[in-house]
Amino acid sequence: MAGRIEDYALIGDMQTAALVCRDGSVDWLCLPRFDSHAVFAGLLGTEEHGFWRLGPAHAAGQQPPHATRRRYRGDSLVLESEWDTPRGTVRVIDFMPPREHHAPQLVRVVEGVSGRVPMRSALRMRFSYGQIVPWVHKVDGRTVAVAGPDSVWVDSEVDTYGENLTTYADFTVAPGDRVAMTISWQPSHNGPPPLADPEMSLAATEDFWRDWVAHCTYHGPYREAVVRSLITLKALTYGPTGGIVAAPTTSLPEHIGGVRNWDYRFTWLRDAAITLSSLLRTGYREEALAWREWLLRAVAGDPENLQIMYGIAGERELGETELSWLPGYEDSQPVRVGNGAAGQLQLDVYGETIEALHLAHMTGLARNDYASLLQIKLISYLEDHWTDPDEGIWEVRGPRRHFVHSKVMAWVAVDRTIRLIESGEAHGPLERWRELRDTIHRDVCEKGYDPERNTFTQSYGSTELDAALLLIPQVGFLPPDDKRVIGTIEAIQRELSTPDGFVMRYPTAGEQEGLDGLEGDEGAFLACSFWLADDLAMIGRVEEARKLFEKLLSLRNDLGLLAEEWDSRLQRQVGNFPQAFSHVPLIDTALRLTASGAYGG
């Protein structure tokens, strides 16, 4: 049985990632890319769907023990898990060496600390998301599992044996002993990958992360949380292209046992745009440049074909299917791969994309003439379509509506493009677009504002609220001290807050049953809760903002990781994990509170 979502640690090589549970079981790993088929899919099913557990031996029928403690080794993505057992203490070091030209590898090193501890490795590879049992055999003393186009090679410093379609190793470690085990992916038509050098790979991995973190320019009171979030964002970046996945997982539920289960192993323009902002503000210009180049390649072509998301290399076809053989995380069905929302119309992405390009320009990122040309093309399209209804930021699967946030972001797109033209970096019909900017602003304030309640609403003609409205002062649509802004913030606090003070995205049922076209509820959305902290600081309620922010930090697991949402009823993390859209606003709020001096201690 899979652990709680917050029981997992992330390791990765900037091309794919694995989730390691507290009991030493790797329950999720897709090879060779984030969006490839999983080799270990036990996270969404059972042990029959693939796992690799490495830890102290335990009696048959007993649950494997959880690590007594675990941590990342310094500011790195090298995981250390330690077990105190009746026979002694043992440490397991898990990591994936950053990939350059070598095969993707997962390395596990067992280190004896005290006493003599019996250990067991149980490795069950199941290709194609747990559906296919590979052919496992020996080649020149090395174990290899083959199925179709894939092969996974197992290299172990202790003897392994096969039993019940599982590869085992049993051994004992004493103080100072170090035993390494490695799996490497390779196309099945190729020969075996080179033998790994675990100790050299470990040193190189630590050096990589140490050097990378040294570029961070943030040195405020929340540095530990900011750095861990930055490392997580780097781990979610697909190195060859610069694309950033929203999360490395699919179908971790937003509501345990429900249907709100989505594949997040793709690059959302929205998520990637706000990630670029955080990277630029913390010193990571190289990553920001790589993302901008990914963007320009991905969206190349006609602006009417702009998608809300793409594959990590810029792929456009992300067809959604269901994997019927997987029972889902804690019976949350269906398990989906691909994402049908890729075909939705979400007008806000024009604003987020142009805002990201504007920020890159304002911070002195190397000029790209095509970026300016793209911006003009996008506005030319938006000029004719900003009045269209859309599915909105939350990808509702109900009818299209005139979402206020979408209109606000259309205003942002026009406003930032006007600034680009005014700077002399681009050419366009300046007066016409100034008039367009005023028209959009007036339209939103007249049709998207409820004067009786003094709040903006989710969509034109609606009485429902939407946490995306918290972005109105942050993008400069209205100043923070505007009474309509303050009224909206207070309305969201009243009507969308959970009992513990976090924020829901919107009512999942209200004036229109099944507002988003889906059954069931969801947890508090962590990004929205960080947005509320930002807004509170902007309107002068900085102590309240600080308390909310630090309460949000307390939701992180012991390794500093956040999923997409928080279930206040169950008091646990829910949704795909770890989630870029949670870690980015964490960074942004930390920077804002630091600048305001609003922090404790």
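How are helix 4 and helix 6 oriented to each other? In this predicted model, helix 4 covers residues 269-281 and helix 6 covers residues 348-362. Two packed helices are described by the angle between their axes and the distance between the axes. For helix 4 and helix 6, the angle is about 20° and the axes lie 9 Å apart. Angles under 35 degrees count as roughly parallel, and helix 4 and helix 6 are therefore roughly parallel to each other. Their crossing is left-handed. Helix 4 contributes L269, R270, A273, L276, S277 and L280 to the contact, and helix 6 contributes D348, V349, E352, T353, A356, L359 and A360. By type, the residues of this contact are eight nonpolar, two polar and three charged.

The strands come next. Strand 13 spans residues 150-156, and five of its seven residues are buried. Strand 13 pairs with strand 12 (residues 142-147) in the antiparallel sense, over five bridges. Here A147 stands opposite D150 of strand 13. The hairpin of strand 12 and strand 13 has two residues between the strands, and G148 takes a positive phi near 60°. Strand 13 also pairs with strand 16 (residues 178-187), again in the antiparallel sense, over seven bridges. In that pairing, V154 has I183 of strand 16 as its bridge partner.

Another group of three strands forms an open sheet in the order 25-26-27, with antiparallel pairing. Strand 25 (524-525) and strand 27 (572-574) stand at the edges with a single partner strand each, so one side of each has no neighbour in the sheet. Strand 25 is joined to strand 26 (residues 565-567) by two bridges, and A524 has W566 of strand 26 as its bridge partner.

How values were computed:
Residues numbered from 1 in each chain as written. Predicted model: local features only at pLDDT ≥ 70, side-chain atom pairs only at ≥ 80, totals over all residues. Heavy atoms only, no water. Axes fitted to C-alpha atoms, helices over the stretch in contact; angles between N-to-C directions. Helix = DSSP H or I, 4+ residues; strand = E, 2+ residues; numbered from the N terminus. Parallel < 35°, antiparallel > 145°, perpendicular 65-115°, else oblique. Left-handed = near helix turned anticlockwise from the far one by under 90°. Contact = heavy atoms within 4.5 Å. Nonpolar A, V, L, I, M, F, W, Y, C, P; charged D, E, K, R; others polar. Pairing = 2+ DSSP bridges. Buried < 20%, exposed > 50% of the residue type's maximum accessible area, 1.4 Å probe, protein only.
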